[in-house]
Amino acid sequence: MMKKLDKEQLKLSKVKEVKVVKEFREFISRGNVIDMAVGIIVGTAFTAIVNSMVKDILTPVVGFLMGGVNFEDLKWVIAPATEETAAVSLNYGMFIQKIVEFLIISLSVFILVKVLNMLRRKRTKQEEKKEPPKPSDEVLLLTEIRDLLKRENTPAADASAVSESDEYDAASVHNPE
């Protein structure tokens, strides 16, 4: 009896495992997960560029303007180094540098989102301004036939009222007669 339960439990665990693998595969194959992964990779590369800009360009300029101070060297030594231990220090210069990096990354993302929103609004306005598409030749011909049939079935006095209510004005449709 014990062996039979173990085999049934084994089958159940394999079924659950297959179901989990299938769910995971569906999750990974969704477009938004792939888009998110691409965004993370691009964001990491963007962060490396911003970090280099801060460390290699902005920090030296700000340090020079502050009298030749190098942010990486700014620290408060709590316990000096000995032969047996390394120095214990608070590296507040590195902290200041990380704050500057954060502000620049935040500003860059803000500008990027602002530009994307502006482009999205511009595209929406252009779509709203687009003229409706001109009717095809078949639609124009059918409209003309409809107008002619209406004129034949209505008295002459009502012909002007019929043309005013049509979707396409009969006068604007080319009449081959």
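Strands are DSSP runs of E at least two residues long, numbered from the N terminus. The close-ups below come from a predicted model.

**View 1. Val88 in its strand.** Val88 is found in strand β2. Its relative accessible area is 43%, so Val88 is partly exposed. Val88 is also one of the residues of a nonpolar surface patch.

**View 2. A nonpolar patch on the surface.** The patch has about 1,100 Å² of accessible area together. Its members include Trp76, Ile78, Leu90, Tyr92, Phe95 and Phe102. β1 (76–79), β2 (88–90) and α3 (92–129) each supply at least two of the residues. Helix α3 gives the largest share, seven residues.

**View 3. A positive surface patch.** Lys114, Arg121, Lys125 and Lys129 form this patch. Among them, Arg121 is found in helix α3.

**View 4. The Lys98–Glu101 salt bridge.** This pair is one of two salt bridges in the structure. The closest N and O atoms of Lys98 and Glu101 are 3.6 Å apart. Both residues lie in helix α3, three residues apart, or about one turn of the helix. Lys98 has 47% relative accessibility, so Lys98 counts as partly exposed. Glu101 has 7% and therefore counts as buried, the cut-off being under 20%.

**View 5. The Arg146–Asp147 salt bridge.** Here the closest N and O atoms are 3.3 Å apart. Asp147 counts as buried because its relative accessibility is 3%. Arg146, at 30%, counts as partly exposed.

Notes
Residues are numbered from 1 along each chain as its sequence is written. This is a predicted model: local features need pLDDT of at least 70, side-chain atom pairs count only at pLDDT 80 or more; totals for chains, interfaces and linings use all residues. Side-chain values use heavy atoms; hydrogens and water are left out. Patches are made of residues with over 30% relative accessible area and no salt bridge: like charges are joined within 9 Å, nonpolar side chains (Val, Leu, Ile, Met, Phe, Trp, Tyr) within 5 Å. Accessible areas come from the Shrake-Rupley method with a 1.4 Å probe; for residues, only the protein chains shown count as cover. A salt bridge is a side-chain nitrogen of Lys or Arg within 4 Å of a carboxyl oxygen of Asp or Glu. Helices (H or I, at least four residues) and strands (E, at least two) are DSSP runs, numbered from the N terminus. Buried means under 20% relative accessible area, exposed over 50%, partly exposed in between (1.4 Å probe, protein chains only). Lys and Arg count as positive and Asp and Glu as negative; His and the chain ends are not counted. The place of a charge is taken as NZ of Lys, CZ of Arg, CG of Asp or CD of Glu.
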